[in-house]
Amino acid sequence: MTSASTVERAFQTALYDDTDSGLDTGASLLAADPAADAELTRRGEEFVAAAWRRGWQPADVVRLVRRELDDVHVGMAAGLIRAQAGRDRPRGRRWTAQLEALPSAPARGTDRFSHATTALELYRLLLRLPTLEPLEEPRRQNRPASRMLTRIRALLAKAEATGYPEEAEALSAKAQELMARHSVDEALLAAEAPAPDAPGACRIGVEPPYEQAKAVLLDAVATANHCRAVWNEPLAFSTVVGFEADLEVVELLYTSLLVQATHAMAGAEAAQRAGGRKRTKTFRQSFLAAYAHRVGDRLAVAAESQVTQDLLPVLATRETAVTDRLEHMFPRTTTTRLRGVSDAAGWTEGTRAADRAEVRGRPAVG
């Protein structure tokens with residue numbers, strides 16, 4: 001029996017049969033044939049390449065594997081992605097960044113049967129990945145790395161790290177001022193260029209728990225920064241559509257606000273416990289929902305303060321381009337209502353926390 005036929009027999013019994021007995025039979029076949037190891041790895045790389053053809057990206061696969069399986073599967077998936085990347089075509093800056101952020105693959109230290117079982121469990125998942133909307137990276141003009149984005153990252157990192165709400169507010173406010181300036185500068189550069197950038201898209205994980213409130217927060221951040229977000233609840237991510245410079249600041253600001261909201265929620269819960277009230281799921285859900293709602297209002301005000309009359313045509317053109325790209329990618333979308341927002345104390349505390357994270361706009365550009 002050749003190594004290829006061993007792998008094929010294992011796949012027939014394990015991948016196309018959801019039972020534990022089929023998985024055990026397939027793993028036993030692979031464990032008994034060390035010569036099949038190279039073919040098993042090669043087929044795994046093929047599953048990874050097939051995922052890319054179905055619209056998935058490295059970060060998407062890792063996020064789903066981490067959610068559905070265990071760390072050992074995550075490490076194996078990362079190893080397959082790295083190996084396949086060596087034979088893949090160039091796919092753009094964002095893809096490269098995802099490859100660089102892959103978790104390290106642990107050294108193989110399990111017995112052959114356990115290793116084969118891990119591989120087959122992972123391949124089962126990869127085989128059943130649904131088709132996603134492709135995220136083709138737009139071709140951009142070659143521009144040097146933005147020093148402003150470096151400053152924004154530094155300010156948000158300080159805001160996340162400080163234990164003083166007033167300092168976090170001041171740092172976040174300054175970061176939002178720079179974000180607004182960055183967005184306007186990019187819009188003006190694109191308007192003057194002979195071939196302006198086209199809108200792109202990225203996926204951002206929106207993980208449980210309280211994923212509805214987190215999706216609302218991401219939507220608020222996206223809208224304030226001239227982007228649009230579509231939430232995929234079953235796969236735990238939102239697709240954000242917008243121009244590249246705006247997508248970058250959406251990722252930065254959403255991540256930072258989520259960290260700050262979590263810190264603020266922990267402080268509010270401590271105060272609740274000191275008052276004799278136990279922590280509850282509805283308190284947290286209501287807190288984050290109120291935080292997202294209030295931050296959305298504040299960000300909208302900050303964004304509007306940056307727009308002068310002479311910028312309106314430029315921004316309107318870009319908004320139309322973003323909307324067209326969104327409707328092309330998602331011709332059918334639905335709306336959803338927040339569930340579990342019934343805790344008055346949670347809503348009040350979430351609103352207060354959002355007020356402390358209030359962002360200010362800089363003087364109008366003109």
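The largest nonpolar core of this predicted model comprises 44 residues, of which Ile 152, Leu 217 and Val 240 touch the most other members. Two or more residues of this core come from each of helix H8 (147-161), helix H9 (165-192), strand S1 (200-205), helix H10 (211-224), helix H11 (244-274) and helix H12 (281-304). Helix H11 supplies the largest share, 12 residues.

Leaving aside residues up to four places away in sequence, Val 240 touches Gly 200, Ala 201, Cys 202, Ile 204, Leu 218, Ala 222, Cys 227, Arg 228, Ala 229, Leu 247 and Val 250. Another core lies apart from the largest one; its 38 residues include Ala 10, Leu 15, Leu 64 and Phe 237.

**The chain as a whole**

The secondary structure consists of 14 helices and three strands. The chain has 366 residues, and 47% of them count as buried. Among contacts with a separation of 6 or more, 80% join residues 24 or more positions apart. The accessible surface of the chain is about 18200 Å², and carbon and sulfur atoms account for 53% of that area.

**Salt bridges**

Side chains of opposite charge can pair when their charged atoms come close.

| Pair | N to O distance |
|---|---|
| Glu 46 and Arg 43 | 3.5 Å |
| Arg 63 and Asp 60 | 2.8 Å |
| Glu 251 and Arg 94 | 2.7 Å |

Glu 46 and Arg 43 both lie in helix H3 (residues 37-53), and because they are three residues apart, about one helical turn separates them. Glu 46 is partly exposed, at 37% relative accessibility, whereas Arg 43 is buried, at 16%. Both residues also belong to a network of salt bridges that links Glu 8, Glu 39, Arg 42, Arg 43 and Glu 46.

Arg 63 and Asp 60 are placed three residues apart in helix H4 (residues 58-68), so about one helical turn lies between them. Arg 63 is buried, with a relative accessible area of 13%, and Asp 60 is likewise buried, at 4%.

The salt bridge between Glu 251 and Arg 94 links distant parts of the chain, with Glu 251 in helix H11 and Arg 94 in helix H6 (residues 93-100), 157 residues apart. Glu 251 is partly exposed, with a relative accessible area of 27%, while Arg 94 counts as buried at 7% relative accessibility.

How values were computed: Residues are numbered from 1 along each chain as its sequence is written. This is a predicted model: local features need pLDDT of at least 70, side-chain atom pairs count only at pLDDT 80 or more; totals for chains, interfaces and linings use all residues. Side-chain values use heavy atoms; hydrogens and water are left out. A nonpolar core is a set of buried Ala, Val, Leu, Ile, Met, Phe, Trp, Tyr and Cys residues joined through side-chain atoms within 4.5 Å. Buried means under 20% relative accessible area, exposed over 50%, partly exposed in between (1.4 Å probe, protein chains only). Helices (H or I, at least four residues) and strands (E, at least two) are DSSP runs, numbered from the N terminus. Contact means heavy atoms within 4.5 Å. Accessible areas come from the Shrake-Rupley method with a 1.4 Å probe; for residues, only the protein chains shown count as cover. A salt bridge is a side-chain nitrogen of Lys or Arg within 4 Å of a carboxyl oxygen of Asp or Glu.
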